[in-house]
Amino acid sequence: AGSASVHPRCGWYARAVFPTKRPRRLRRTPAIRALVRETTLTPTDLILPLFFHETLTEPRPISTMPGVAQLPVAEAAAQARLAKEHGIGGVILFGLPKEKDPIGAAAYDPNGPVPRAVKAMKDAVPELLVITDVCVDEYTDHGHCGVLKPDARGEMDVDNDATLEVLARAAVVHAQAGADVVAPSDMMDGRVGALRRALDAESLTSTAILSYAVKYASSFYGPFREAADCAPKFGDRAGYQMDPGNAREALREAALDEEEGADMLMVKPALTYLDILAKVREASPLPLGAYNVSGEFAMIKAASERGMIDERRAVLELLTSIRRAGADFILTYHALDAARWIG
Ligand code: PBG
């Protein structure tokens with residue numbers, strides 16, 4: 001009755017201004033949404049970080065990272081099988097040594113937790129991609145990412161070039177144990193070149209370098225420092241990690257690492273630096289990773305435990321966002337859950 005009372009001319013005018021372009025057509029069904037989706041997420045995009053402790057005999061849960069634990073090296077083979085079952089892209093290993101010292105010498109112990117875990121994982125699942133984190137903060141008694149020396153005024157500072165030697169030795173030990181990729185996370189100048197030269201000198205020319213090229217001095221590493229027992233005993237990391245206000249500097253760091261021979265680059269953290277990911281993606285042809293860090297993980301866990309957000313939807317959305325911003329792959333503590341949810 002209503003439409004019958006509409007004057008035919010008025011009806012015609014109204015229809016004439018109706019939209020002729022309708023994006024909603026492509027959102028109507030799951031099938032059409034799947035067809036036109038620009039960014040996809042697959043388990044192979046995800047890398048799982050693992051913490052191996054030299055002396056533990058049982059997993060030790062990390063209170064600020066629900067579901068994550070420091071693991072005994074004896075768990076490595078089982079973890080490799082779990083990673084394979086979930087079809088994830090790989091794992092990245094961190095080590096907690098029995099003893100720490102001022103230079104982090106345990107970082108290049110061939111019988112340290114990381115080399116032993118690498119061997120066990122590669123023996124159990126040879127095709128699994130195994131990456132090792134190369135840094136000394138887990139191995140130094142002061143918790144800084146390098147060897148210390150007093151500066152001109154007597155203040156303690158991280159000695160860039162002395163640290164390069166320790167890092168290079170650690171990378172060689174990891175590669176000799178069978179790591180496919182070594183990933184320096186220390187932010188010393190020239191470390192990619194130093195690692196490449198050291199690896200090549202030992203004929204480890206096939207070991208790839210994934211550089212934490214763009215790593216910010218972030219508050220979101222808090223839970224990791226419990227996980228890896230590596231909170232600095234004094235000061236902070238602002239003298240070597242990047243200032244959160246800087247974007248152009250990210251391009252400079254990425255370009256330097258590319259020149260020095262990095263095979264892949266990484267931006268870290270991920271969620272508060274999606275703009276940086278997009279910029280690095282445009283500036284460099286190298287494969288690009290992003291680290292969805294411990295504090296980002298903890299926020300999601302805390303909010304979902306309190307019923308404030310739906311964990312599964314939130315995780316898949318945030319991982320998709322990181323991919324959309326330009327990451328080829330993502331290091332994330334959600335890797336196994338996400339792989340299951342993607343199916
Ligand atoms: C340093 C390192 C850190 C992380 C990875 N490698 C901590 C730091 O720089 O303080 C943080 C990872 C995370 O927060 O998940 N070896």
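This is a predicted model: local features need pLDDT of at least 70, side-chain atom pairs count only at pLDDT 80 or more; totals for chains, interfaces and linings use all residues.
**Exercise 1. Count the helices and strands of the chain.**

Solution. Helices (H or I, at least four residues) and strands (E, at least two) are read as DSSP runs and numbered from the N terminus. Residue numbers start from 1 along each chain as its sequence is written.

**Exercise 2. Describe the chain as a whole: its span, its buried share and its contacts.**

Solution. Start with the span: along the principal axes, the C-alpha trace extends over about 90 × 45 × 40 Å.

Next comes burial. A residue is buried if 20 or more other C-beta atoms lie within 10 Å of its own, exposed if 12 or fewer, and partly exposed in between, with C-beta atoms placed from the backbone. Of the 343 residues in the chain, 45% are buried.

Then look at contacts, meaning pairs of residues whose C-beta atoms, placed from the backbone, lie within 7 Å. Taking the contacts with a separation of 6 or more, 75% join residues 24 or more positions apart.

**Exercise 3. Which residues have the most contacts inside the largest nonpolar core?**

Solution. A nonpolar core is a set of buried Ala, Val, Leu, Ile, Met, Phe, Trp, Tyr and Cys residues joined through C-beta atoms within 7 Å. The largest one here has 102 residues, and the most contacts inside it belong to Ile-47, Leu-93, Leu-167, Ala-171 and Ile-330. Helix 5 (residues 160–177) gives the most to this core, namely 10 residues.

Now zoom in on Ala-171. Setting aside neighbours within four places in sequence, Ala-171 is in contact with Val-134, Val-182, Leu-195, Ala-198 and Leu-199.

**Exercise 4. What do the buried residues of helix 6 pack against?**

Solution. First list the buried residues of helix 6 (residues 191–201): Arg-191, Val-192, Ala-194, Leu-195, Arg-196 and Leu-199. Their partners are helix 5, strand 8 (181–184), strand 9 (208–215) and helix 8 (248–260).

**Exercise 5. Is Met-187 buried or exposed, and is Ser-203 buried or exposed?**

Solution. Take Met-187 first, in the loop between strand 8 and helix 6. Its phi is near 70 degrees, a positive value in a residue other than glycine. Met-187 is buried, because 25 other C-beta atoms lie within 10 Å.

Now take Ser-203, in the loop between helix 6 and strand 9. Ser-203 also has a positive phi, near 60 degrees. With 9 other C-beta atoms within 10 Å, Ser-203 is therefore exposed.

**Exercise 6. How do helix 11 and helix 12 lie relative to each other?**

Solution. Axes are lines fitted to C-alpha atoms, for helices over the stretch in contact, and angles run from 0 to 180 degrees between N-to-C directions. The axes of helix 11 (residues 311–325) and helix 12 (residues 335–342) come within 10 Å and cross at roughly 95 degrees. Angles under 35 degrees count as roughly parallel, over 145 as roughly antiparallel, 65 to 115 as roughly perpendicular and the rest as oblique. The two helices, helix 11 and helix 12, are therefore roughly perpendicular to each other.

Who makes the contact? Helix 11 supplies Arg-312, Val-315, Leu-316 and Leu-319, and helix 12 supplies Asp-337, Ala-338 and Trp-341. To sort them, count Ala, Val, Leu, Ile, Met, Phe, Trp, Tyr, Cys and Pro as nonpolar, Asp, Glu, Lys and Arg as charged, and the others, Gly among them, as polar. This contact has 5 nonpolar, no polar and 2 charged residues.

Leu-319 of helix 11 is buried, with 25 other C-beta atoms within 10 Å. Apart from neighbours within four places in sequence, Leu-319 is in contact with Leu-41, Ile-330, Thr-332 and Ala-338.

**Exercise 7. Which residues surround the ligand?**

Solution. A residue is near a molecule or strand if its C-beta atom, placed from the backbone, lies within 6 Å of it. Around the ligand you find Asp-133, Cys-135, Asp-137, Cys-145, Ser-185, Tyr-221, Phe-224, Arg-225, Arg-237, Val-293 and Ser-294. This shell divides into 5 nonpolar, 2 polar and 4 charged residues.

Conventions: Two residues are in contact if their C-beta atoms, placed from the backbone, lie within 7 Å.
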